[in-house]
Amino acid sequence: MKKNMKRMMGWIFTAVLICCIGFTTKGVTADAAIVSGGKKNYSYSELQKDLQQLKKKYKNHCQVNVIGKSEDKRNLYEVVIGNPDAKKHLLVMGNLHAREHMTVQLCMKQIEYYLSNYNKKISGKKVSATLDKVAIHYVPSCNPDGTAISQRGFNAIRNKKLRSSLRKMGGSSSRWKANARGVDLNRNWNVAFKTSGRKGSSGYCGPKAESESETRALVNWSNRIQKQGKIVGIVSYHSTGSIIYGKSTSRAPKAVRNATTRMYQTAKSLTGYQLVQHESYALPHGYSRTYYLYKKKIPFITVEVGRGAAPLGGGEFGSIWAKNKNVVIREAQLFQ
Ligand SMILES: [Zn+2]
């Protein structure tokens with residue numbers, strides 16, 4: 001009887017062990033605990049709460065900084081993972097367009113995933129070795145006001161003047177792309193700028209280049225990092241369409257074009273997203289990608305996640321996560 005009990009305990013122990021191993025794949029931690037992978041709108045307050053927890057849990061490898069304020073005075077957060085004194089830096093931007101807010105959740109999940117696997121290997125390379133040489137700087141939400149509009153309506157804007165002006169612009173709040181002043185933050189950059197469009201959900205460049213506090217904060221952010229070391233590349237997450245803007249023209253130096261192609265190929269190999277063929281930069285006015293590629297000479301890809309119309313339904317997050325979870329660390333590996 002005692003012998004049988006012992007044997008049974010042995011089986012139970014083995015079963016539990018197999019179970020535990022089953023939760024990890026190839027040695028990496030499968031599911032991290034702070035950032036939700038759930039099917040819901042990921043809000044600004046959830047972002048703030050998660051940033052506090054990540055900073056606490058991974059304080060040796062993660063810094064959270066405020067790089068500026070939005071027009072409605074929300075914080076623009078930068079998360080640096082890895083060695084902040086590294087010579088090389090990879091930048092990641094999420095949510096430049098309001099209704100594409102699933103990209104905030106995606107960036108935050110990536111941050112937690114890389115931190116929770118810091119001492120393990122992803123795609124054959126130790127995460128710590130990569131992040132020691134290439135620090136990754138995320139701004140998960142470049143447009144928190146617009147996201148608040150898309151998720152909660154014009155009432156989410158606290159400044160009275162901005163709120164009443166938004167109501168006059170009209171249009172669908174949930175499909176909002178711009179910031180709280182009706183300026184499209186992906187048309188407001190100082191490259192071949194000319195003003196066009198009208199205040200509203202999309203397409204308005206603003207009264208002048210860098211007229212918006214969000215654009216200015218992002219420009220200052222990348223300028224600061226450029227003084228610290230070399231920005232090896234930028235990944236900008238948008239939605240939707242499952243496509244990648246990865247082409248560049250001879251306006252960029254050959255090395256920048258080659259690195260952009262390599263970045264695109266890496267993202268494509270993981271996601272299966274197709275290259276945008278019709279991209280033309282005859283008139284680049286105000287785009288972030290053309291600003292960085294041609295003015296700052298920094299390799300840059302735009303990855304458009306998802307399939308449905310933005311804002312994407314929560315049901316898409318699982319498949320987007322599966323395709324994109326290794327994208328940014330693999331881009332960093334290219335340059336280590
Ligand atoms: Zn977009």
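Predicted model: local features only at pLDDT ≥ 70, side-chain atom pairs only at ≥ 80, totals over all residues.
Figure 1. His 97 is buried, with a relative accessible area of 4%. Glu 100 is buried as well, and its relative accessible area is 4%. For four tetrahedral donors, the ideal angle at a metal is 109.5 degrees.

Figure 2. Strand 10 (residues 243–245) and strand 12 (residues 300–305) run antiparallel and are joined by three bridges. Within this part of the sheet, Tyr 245 stands opposite Thr 302 of strand 12.

**Figure 3. The hairpin of strand 3 and strand 4.** Seven bridges pair strand 3 with strand 4 in the antiparallel sense. Asn 65 stands opposite Glu 78, a residue of strand 4. Five residues lie between the two strands of the hairpin, where Lys 73 takes a positive phi near 65°. Most residues other than glycine have a negative phi.

**Figure 4. Tyr 138 and the largest nonpolar core.** This core has 53 residues, of which Ile 81, Ile 136, Tyr 138 and Tyr 237 touch the most other members. Helix 3 (residues 102–116) supplies the largest share of the core, nine residues. A second, separate core has 25 residues, including Val 139, Cys 142, Ala 252 and Ile 298. Not counting residues up to four places away in sequence, Tyr 138 touches Tyr 77, Glu 78, Val 79, Ile 81, Val 92, Cys 107, Gln 110, Ile 111, Tyr 114, Trp 221 and Val 328. In soluble globular proteins, nonpolar side chains tend to be buried together.

**Figure 5. Ile 157 in the loop between helix 5 and helix 6.** The loop that holds Ile 157 lies between helix 5 (144–152) and helix 6 (160–169). Ile 157 counts as buried because its relative accessibility is 0%, and the limit for this class is under 20%. Leaving aside neighbours within four places in sequence, Ile 157 is in contact with Asp 72, Arg 74, Asp 145, Ile 149, Leu 162, Arg 163, Leu 166 and Ala 180. The C-alpha atoms of Ile 157 and Gly 146 are 8.9 Å apart, and the two residues are 11 residues apart in sequence.

**Figure 6. His 285 and Ala 192, two loop residues in contact.** His 285 lies in the loop between strand 11 and helix 9 (288–295). At 17% relative accessibility, His 285 counts as buried. Beyond its neighbours within four places in sequence, His 285 is in contact with Arg 187, Val 191, Ala 192, Phe 193, Lys 194, Ser 196 and Cys 205. Ala 192 lies in the loop between helix 6 and helix 7 (213–228), and its phi is positive, near 40°.

**Figure 7. Ser 123 and Lys 126.** Ser 123 lies in the loop between strand 6 (121–122) and strand 7. Ser 123 is not a glycine, yet it has a positive phi of about 50°. Its relative accessible area is 41%, so Ser 123 is partly exposed. Lys 126 belongs to strand 7 (residues 125–126) and is partly exposed too, with a relative accessible area of 39%. Contacts of Lys 126, leaving aside neighbours within four places in sequence, are with Asn 119, Lys 120 and Lys 121. Lys 126 and Gln 333 are 207 residues apart in sequence and 9.7 Å apart in space, C-alpha to C-alpha.

**Figure 8. The cis peptide bond between Ala 310 and Pro 311.** Omega of this bond is about 0°. Pro 311 lies in the loop between strand 12 and helix 10 (317–324). Most peptide bonds are trans.

Methods. Residues numbered from 1 in each chain as written. Heavy atoms only, no water. Buried < 20%, exposed > 50% of the residue type's maximum accessible area, 1.4 Å probe, protein only. Pairing = 2+ DSSP bridges. Helix = DSSP H or I, 4+ residues; strand = E, 2+ residues; numbered from the N terminus. Contact = heavy atoms within 4.5 Å. Core = buried A, V, L, I, M, F, W, Y, C linked by side-chain atoms within 4.5 Å.
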